[in-house]
Structure formats: C-alpha cells, structure tokens
Amino acid sequence: MKGVIGMIMPAKTEASYPTVFVLEVDGQPILAFRAATSRQAREFGKEDRLQEGLKRMMIGHRPLWDGKSPIRVRRAEPEEEVYYVDAKKENAAGNLVYLVRRDKEADASNPVTRGSFPPRR
C-alpha cells in the first residue's frame with residue numbers, strides 16, 4: 001500500500017525546488033547560482049573548470065581564488081537570493097551571478113549592470 005500512495009502523491013524533494021547558493025572564497029561571497037540539492041551545490045564548488053576560472057578572474061588586480069584559500073558553498077542569505085533573482089531577470093544567460101565587481105567590469109566604460117553585489121561594510 002505504501003508504494004501506491006507514493007505513486008499518487010510523490011514525496012517533495014529538494015530537487016523540486018532549486019535553491020540559490022553562494023560560493024565563498026576565504027569568507028567573501030563571490031557568486032550565486034541555483035542547484036537542486038546542497039550536495040550538487042557543494043560538488044559545483046569542487047569542479048576543476050570553476051576553480052580554474054576563479055584563478056583567472058581578477059578582483060583588485062588579484063585572482064578571485066589563489067588556489068589555496070578555502071572555498072565554501074552555502075545557502076544564499078535572503079538579500080543575496082533577491083539580488084540573484086533580479087540579476088537573472090535582467091540577464092537570463094547562464095546560471096551564475098557574480099556578487100563582486102571583477103576587474104574586467106570595473107575597467108569597462110559602460111556602467112556596471114547587475115552581477116556586482118555591493119560589498120559588505
């Protein structure tokens with residue numbers, strides 16, 4: 001009988017509700033993204049491709065990640081989640097929203113659009 005009930009009313013899973021997560025490097029929020037589960041979010045933070053990209057991107061003329069500092073993934077705080085949703089409305093491409101102003105953006109002559117989260121003071 002339990003199997004029949006499970007077929008009629010599937011259990012709610014974390015995968016049903018993608019959550020916004022934040023990747024932090026050395027305690028600084030760097031980017032926000034959606035993942036179906038906490039496990040998927042943590043695995044994303046370990047991907048070689050992402051880590052290599054963080055080493056190449058610059059903030060204040062320094063790499064976002066030095067290859068040694070801890071990378072942590074956590075659920076987004078409410079204001080970070082709102083920022084992510086608003087940024088996705090403006091630019092629907094991709095799943096990542098940067099929460100820092102990268103050097104490439106800071107050097108551009110055009111005003112910076114969403115994707116540069118205001119620094120915490």
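**Helices, cores and buried polar residues**

The chain has five helices and six strands. Helices (H or I, at least four residues) and strands (E, at least two) are DSSP runs, numbered from the N terminus. This is a predicted model, in which local features need pLDDT of at least 70, side-chain atom pairs count only at pLDDT 80 or more, and totals for chains, interfaces and linings use all residues. Residues are numbered from 1 along each chain as its sequence is written, and side-chain values use heavy atoms, with hydrogens and water left out.

Me: What share of the residues in the chain is buried?
Reply: Buried means under 20% relative accessible area, exposed over 50%, and partly exposed in between (1.4 Å probe, protein chains only). The chain has 121 residues, and the buried share of them is 34%.

Me: Among contacts between residues at least 6 apart in sequence, how many in percent join residues at least 24 apart?
Reply: Contact means heavy atoms within 4.5 Å. Of the contacts in the chain between residues at least 6 apart, the share joining residues at least 24 apart is 55%.

Me: Which residues does leucine 31 touch, not counting residues up to four places away in sequence?
Reply: Leu31 is among the residues with the most contacts inside the largest core. The residues that leucine 31 touches are Phe21, Val22, Leu23, Phe44, Leu50, Leu54, Leu96, Val97, Tyr98 and Leu99.

Me: Which residues does the second, separate core include?
Reply: This core has nine residues. Among them are Val20, Ala32, Tyr84 and Ala87.

Me: How far apart are the end C-alpha atoms of helix α4?
Reply: Helix α4 covers residues 78–90, 13 residues in all. The expected span of a helix is 1.5 Å times one less than its number of residues.

Me: Which exposed residues does the face of α4 turned away from its buried side carry?
Reply: Glu80, Tyr83, Tyr84, Ala87 and Lys88 are buried in α4. They cover an arc of only 130 degrees around the axis, which puts them on the same side of α4; the arc is that of the directions from the helix axis to the C-beta atoms. Their cover includes β1 (19–25), β2 (28–35), β5 (71–75) and β6 (97–98). The face turned away carries the exposed residues Pro78 and Lys89.

Me: What covers the buried residues of α2?
Reply: The buried residues of α2 are Ala41, Phe44 and Gly45. Seen down the axis, they fall within an arc of 100 degrees, so they line one face of the helix. Their cover includes β1, β2, α3 and β5.

Me: With which side chain does glutamate 24 make a polar contact?
Reply: Glutamate 24 lies in strand β1. It is buried, at a relative accessible area of 8%. A polar contact is a pair of N or O atoms within 3.5 Å; within protein, one must be able to donate a hydrogen and the other to accept it, and residues adjacent in sequence count only if both atoms are side-chain atoms. At 2.6 Å, the partner of glutamate 24 is arginine 74.

Me: How far is the backbone nitrogen of glycine 60 from a polar atom of the side chain of aspartate 103?
Reply: Aspartate 103 is in helix α5 (residues 103–107) and is buried, with a relative accessible area of 12%. Aspartate 103 and glycine 60 are 43 residues apart along the chain, yet their C-alpha atoms are separated by 6.3 Å. From the backbone nitrogen of glycine 60 to the side-chain polar atom, the distance is 2.7 Å.

Me: Is valine 73 buried or exposed?
Reply: Valine 73 is in strand β5. Its contacts, leaving aside neighbours within four places in sequence, are Phe21, Val22, Leu23, Phe33, Ala41, Arg42 and Gly45. At 19% relative accessibility, valine 73 counts as buried.

Methods:
Core = buried A, V, L, I, M, F, W, Y, C linked by side-chain atoms within 4.5 Å.
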